[in-house]
Amino acid sequence: MVYTKPGTVELLEVGEPVAGPGEVVVEVVACGICGSELHGISKPGFRQPPLVMGHEFSARTPSGDSVAVDPIVSCGQCILCRDGHNEVCRERRIIGIHRQGAFAERVAVPERALHKLPEPVPVEQGALVEPLANALHAWRLAGGTSGSTVGVLGAGSIGLSMLLVSKHYGARVSITDISPERLELAKRLGADATSRELDGEFHVVVDAVGATATRRASLEHLAPTGTAVWLGLLDPGPDFDALDMIRMEKRIAGSFAYSHSDFADAVALAAEVDLSWATSFDLDQGPTIFGELMAGRSDVVKALLHPRPLSPQA
Ligand SMILES: [Zn+2]
Ligand SMILES: [Zn+2]
């Protein structure tokens, strides 16, 4: 499925992926459609057509292992990489953004990006390791602890992953969304409170939307010395009370993706949290699903595309 021009993805026959040095071609099992792709294709920028997108995926290796793939390919040499911040390496190349991705039957990936899934995790759920890794990275940037109160703005896949991670580490979580269905799901996944808008003050507020209004809300509902983590990428604009931020020693952390070690830890965490909330489609249906999600006509939280039918569970 190729991003061919602004606003358009289509199914095309393309050449076989070629593995470079240290790389291997894997068979894609499941690839999640990311919110950043829905917004990203309306105008070329971070992503340039023609491009096979898809960076949230699980696969099978030539030796038959079920794996999640860490899509961030960094230089490994610079000071950022050596300090464990490879996600902001200036040479970073992300599979599905800067090089061909996983909305395809096969994709070439570095061997070191492969992470064998723990036994209990069904291979298709391995595609949710990527959003989980985003949440784990945000949790670590926020300095969350078991006593923390956490407010999450947005119950999409990043917001829900943030809920799962925060609950796993013993925090108390309030989550907001405009969709009652998503709030129901959040409740099932363990949210302590669900509402349309945040109410009260929190040690950590995570903005998984990225609108000007949610950035402002993330600071308004932050307790003094608390940390707002911004992951949502909807609007570029800031609009918040900087004086309140200074007087109450509030912090803002930008959070982009995850380091290699966050990703590895998210693979292990996948065995301990509920990742059963995605919806599966054939890759052939991809352009239709993409259109519906872009137009806001679908209430699917996370659509997974499968290039071939899933083998029946044993
Ligand atoms: Zn994503
Ligand atoms: Zn680097």
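**Domains**

I looked up the domains and found domain 1 (2–116 + 278–306) and domain 2 (131–254); such bounds come from an automatic or database domain assignment. I noted that this is a predicted model, in which local features need pLDDT of at least 70, side-chain atom pairs count only at pLDDT 80 or more, and totals for chains, interfaces and linings use all residues. Residues are numbered from 1 along each chain as its sequence is written, and chains are lettered from A and ligands numbered from 1 in the order in which they are written.

I read off 26 Å between the centres of domain 1 and domain 2, taken over C-alpha atoms. For the contact between them, I found 7 residues from domain 1 and 10 residues from domain 2. Two residues are in contact if their C-beta atoms, placed from the backbone, lie within 7 Å. On the side of domain 1 that touches domain 2, helix 1 gives the most, with 3 residues. Helices (H or I, at least four residues) and strands (E, at least two) are DSSP runs, numbered from the N terminus. I sorted that side of domain 1 by class and got 1 nonpolar, 3 polar and 3 charged residues. Here Ala, Val, Leu, Ile, Met, Phe, Trp, Tyr, Cys and Pro count as nonpolar, Asp, Glu, Lys and Arg as charged, and the others, Gly among them, as polar.

**Helix 3 and its partners**

I turned to helix 3 (residues 129–142) and helix 4 (residues 157–168), which pack at an angle of about 60 degrees with their axes 8 Å apart. Axes are lines fitted to C-alpha atoms, for helices over the stretch in contact, and angles run from 0 to 180 degrees between N-to-C directions. Helix 3 and helix 4 are therefore oblique to each other; angles under 35 degrees count as roughly parallel, over 145 as roughly antiparallel, 65 to 115 as roughly perpendicular and the rest as oblique. The crossing of helix 3 past helix 4 is right-handed. A crossing is left-handed if the near helix is turned anticlockwise from the far one by less than a right angle, and right-handed if clockwise. I listed the residues that meet, including Leu132, Leu136 and Trp139 in helix 3 and Ile158, Met162 and Val165 in helix 4. By class, this contact of helix 3 with helix 4 has 10 nonpolar, 4 polar and no charged residues.

I then checked helix 3 against helix 8 (residues 260–269): the angle is about 115 degrees and the axes are 8 Å apart. Helix 3 and helix 8 also cross in a right-handed way. Among the residues in this contact are Leu132, Leu136, His137 and Arg140 of helix 3 and Asp262, Phe263 and Asp265 of helix 8. I counted by class 8 nonpolar, 1 polar and 3 charged residues for the contact of helix 3 with helix 8.

**Helix 6**

In helix 6 (residues 212–220), I found Thr214, Arg215, Ala217, Ser218 and Leu219 buried. A residue is buried if 20 or more other C-beta atoms lie within 10 Å of its own, exposed if 12 or fewer, and partly exposed in between, with C-beta atoms placed from the backbone. The buried residues of helix 6 pack against strand 11 (149–153), strand 14 (202–207), strand 15 and helix 7.

Most residues other than glycine have a negative phi, and most peptide bonds are trans. I noted Thr225 for its positive phi of about 70 degrees; Thr225 is in strand 15 (residues 222–230). Thr225 counts as exposed because it has 10 C-beta neighbours inside 10 Å. Glu249 has a positive phi of about 45 degrees and sits in the loop between helix 7 (242–247) and strand 16 (251–254). With 9 C-beta neighbours inside 10 Å, Glu249 counts as exposed. I also found a cis peptide bond between Pro49 and Pro50, with omega about -5 degrees. Pro50 lies in the loop between helix 1 (35–40) and strand 4 (51–52).

I looked at Ala303 in strand 18 (residues 303–306). Ala303 counts as buried, with 21 C-beta neighbours inside 10 Å. Leaving out residues up to four places away in sequence, Ala303 touches Gly32, Ile33, Thr279, Phe281, Ile289 and Leu293.

Pro287 is in helix 9 (residues 286–294) and counts as partly exposed, with 16 C-beta neighbours inside 10 Å. I found the C-alpha atoms of Pro287 and Val9 separated by 5.7 Å, though the two are 278 residues apart along the chain. Beyond four places in sequence, the contacts of Pro287 are Met1, Val9, Glu10 and Leu11.
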